[in-house]
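Q: Please show me how features are read from a structure, one at a time.

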Amino acid sequence: MRIIFLGTGTSMGVPVIACGCKACKSVDSHDRRMRTSALIQTNDGKNILIDIGPDFRTQMLRHDVSHLDAILRHIDAILLTHNHKDHTGGLDDIRAFNYIQRSPMQLYGNQEALDMIRHDYHYIFEPHEYEGLPEAYLNYLTGNDIFEAAGHTIVPIKAMHKTLPVLGYRIGNLVYITDANHIELAELDKVKGCDTLVLNALRKERHFSHFSL
């Protein structure tokens with residue numbers, strides 16, 4: 001299994017527009033970070049995207065994903081962690097994959113995330129005659145049950161982003177959790193025994209809605 005970190009930045013990205021701080025003025029490539037998203041490539045060639053933020057198109061082009069490997073020219077499922085725009089704002093750009101794959105994109109997320117998608121991207125789900133619109137199918141998750149996506153068993157991990165419910169995901173021995181600051185002990189049991197844990201750590205100082213270093 002392979003993970004490509006498409007973005008590891010904050011909700012505004014790094015550098016931040018109009019900011020003159022040391023990090024935002026830095027020429028270090030590590031200080032050029034887009035909104036948080038990851039592409040998981042499984043051993044059987046499936047591609048599972050976790051979150052699709054407003055930088056999605058640029059991220060795919062920056063990493064040259066469409067040319068990196070012929071097998072990466074498709075996305076088999078998109079897992080949403082929560083409904084904030086820095087994690088969902090690139091959804092309209094699935095159109096290219098709809099066209100190539102000739103099928104709707106399979107989206108997975110909790111009630112809050114998918115209700116927001118249905119509202120904000122209402123034109124996707126309403127009757128229309130225009131063939132160029134994105135196509136997506138919404139798969140609602142409770143966070144309590146193991147589910148199948150892209151032919152793989154996935155374990156949702158419930159967490160809290162201050163007062164907002166978010167989902168992390170375990171795919172095989174990889175666990176990915178972002179934008180969380182509290183995880184119940186029962187949910188932490190789902191993490192045990194993993195080989196790789198990706199966990200948000202926003203900054204050194206304590207934060208009200210994210211884990212810190």
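## Reading the model

Q: At 13% relative accessibility, does Ser-26 count as buried or exposed?

A: Ser-26 counts as buried, because its relative accessibility is 13%; buried means under 20% relative accessible area, exposed over 50% and partly exposed in between, with a 1.4 Å probe and protein chains only. This is a predicted model, in which local features need pLDDT of at least 70 and side-chain atom pairs count only at pLDDT 80 or more, while totals for chains, interfaces and linings use all residues. Residues are numbered from 1 along each chain as its sequence is written, and side-chain values use heavy atoms, with hydrogens and water left out.

Q: Where is Ser-26 placed, and with which residues is Ser-26 in contact?

A: Ser-26 sits in the loop between β1 and β2; helices (H or I, at least four residues) and strands (E, at least two) are DSSP runs, numbered from the N terminus. Beyond neighbours within four places in sequence, Ser-26 is in contact (heavy atoms within 4.5 Å) with Asp-31 and Arg-32.

Q: What is the phi of Asp-179, and is Asp-179 buried or exposed?

A: Asp-179 has a phi near 55°, a positive value in a residue other than glycine. Asp-179 is found in the loop between β10 and α7 (185–188). With a relative accessible area of 6%, Asp-179 is buried.

Q: What surrounds His-161?

A: His-161 is in strand β8 (residues 152–161), and is buried because its relative accessible area is 7%. Leaving aside neighbours within four places in sequence, the residues in contact with His-161 are His-82, His-84, Val-166, Asp-179, Ala-180, Asn-181, Ser-209 and His-210. A polar atom of the His-161 side chain lies 2.7 Å from the backbone oxygen of Ser-209.

Q: Which residues does Ala-113 touch?

A: Not counting residues up to four places away in sequence, Ala-113 touches His-82 and Asn-83. Ala-113 and His-82 are 31 residues apart in sequence, but their C-alpha atoms are 5.1 Å apart in space. Ala-113 is found in helix α5 and counts as buried at 0% relative accessibility.

Q: Which residues of the largest nonpolar core touch the most other members?

A: In soluble globular proteins, nonpolar side chains tend to be buried together. A nonpolar core is a set of buried Ala, Val, Leu, Ile, Met, Phe, Trp, Tyr and Cys residues joined through side-chain atoms within 4.5 Å. In the largest one, of 22 residues, Leu-49, Ile-52, Ile-75, Ile-78, Leu-91, Leu-107 and Ile-117 touch the most other members. Two or more residues of this core come from each of β1 (2–7), α1 (56–62), β5 (105–109), α5 (111–120) and β6 (136–140). The largest share, 3 residues, comes from α5. Another core, of 18 residues, lies apart from this one and has among its members Ala-38, Tyr-108, Leu-174 and Val-198.

Q: What does Leu-49 touch?

A: Apart from residues up to four places away in sequence, Leu-49 touches Leu-6, Ser-37, Ala-38, Leu-39, Phe-56, Ile-75, Ala-77, Ile-78 and Leu-79.

Q: Where is Met-1 placed, and what does Met-1 touch?

A: Met-1 is in the segment before β1 and counts as partly exposed at 44% relative accessibility. Not counting residues up to four places away in sequence, Met-1 touches Ile-40, Gln-41, Thr-42, Asn-43, Ile-171 and Leu-174. The C-alpha atoms of Met-1 and Thr-153 are separated by 14 Å, with the two residues 152 residues apart along the chain.

Notes. Polar contact = N/O pair within 3.5 Å; in protein donor to acceptor, adjacent residues only side chain to side chain.
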